[in-house]
Amino acid sequence: MEAIATDQRHHLGFKAYQPLSAEVLATYFQATIFTAETVPNTEPEQVKILCDSDNWSAGIIRKKNPLCIVHNSRHAPTRQESNLMHEFAHVILKHKMVGFDPKTGLPQRRPQDEDEAVYLGGCLQIPRRGLLWAVQKKMTVAQIALHFNASEEMVNFRINVSGIDIV
Ligand SMILES: [Zn+2]
C-alpha cells in the first residue's frame, strides 16, 4: 500500500513530505464531488437520510465519465479530506462499486475493500516517509496534522501502523 501511494504521489509530482489534497486527486481523476445536499438523481428520502446522518463518510456513486463521489459535509474538514482520500483509494485499487444499502440508505461496504482503502487512504494523505520527515523535524502530532491537513486521529493512526517512535 505504501508503494502504491508513493507511486501515485510521484505521478502527481508530490514528494512524501508535501501535503496532498483531495482536490488534487479529484482533478487528476476528473472526479465530481457532491455533498448530500447537491447529489443528483437521488430520491428526496435518500437525500434526507444522508443529510441527517453522521454515520457515513463518503461513497462512489458513479465509477466513470465522470467519476462521482458523494461525501458527508457534516464531518470536520480534516476528516472530509481523509474521507475523500479513502474513496480515491478505492478507485486506485479498482474496487467494485457497491452503492447504497437499501435498508439503511447509507453507502454499503465490503470489509476487505474497506480495510485496504483505509490503509491506502492514510498512506496517500500521510506517507510513511513524510511522517519520518516530520518526526525528524521534531514536529508534534498537532503540527503534523496541520501540515498534512489531516486529523490528529489520522496522524496517530499512521504513526501506529508505520511503527514510528515519536518523542
Ligand atoms: Zn470505503
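## Fold

The protein chain contains eight helices and three strands, taken as DSSP runs (H or I of at least four residues for helices, E of at least two for strands) and numbered from the N terminus. Starting at the N terminus, the order is α-α-β-α-β-β-α-α-α-α-α. The radius of gyration, taken over C-alpha atoms, is 16 Å, close to the 15 Å from the globule rule for 167 residues, so the chain is as compact as a globular protein of that length. That rule is 2.2 Å times the number of residues to the power 0.38.

This is a predicted model: local features need pLDDT of at least 70, side-chain atom pairs count only at pLDDT 80 or more, and totals for chains, interfaces and linings use all residues. Residues are numbered from 1 along each chain as its sequence is written, and side-chain values use heavy atoms, with hydrogens and water left out.

## Burial

Of the 167 residues in the protein chain, 46% are buried (under 20% relative accessible area, 1.4 Å probe, protein chains only).

## Aromatic pairs

Rings of Phe, Tyr and Trp (its six-membered ring) pair if their centres lie within 6.5 Å; planes under 30 degrees apart are stacked, over 60 edge-to-face and the rest tilted. Phe29 and Phe88 are stacked, at 5.6 Å centre to centre and 15 degrees between the planes. Phe29 lies in the loop between α2 (22-28) and β1 (31-35) and Phe88 in helix α4 (residues 77-92), so the pair ties together parts that are 59 residues apart in sequence.

Phe88 is buried, at 0% relative accessibility. Ring pairs join Tyr28, Phe29 and Phe88 in a cluster.

Note on methods. Buried < 20%, exposed > 50% of the residue type's maximum accessible area, 1.4 Å probe, protein only.
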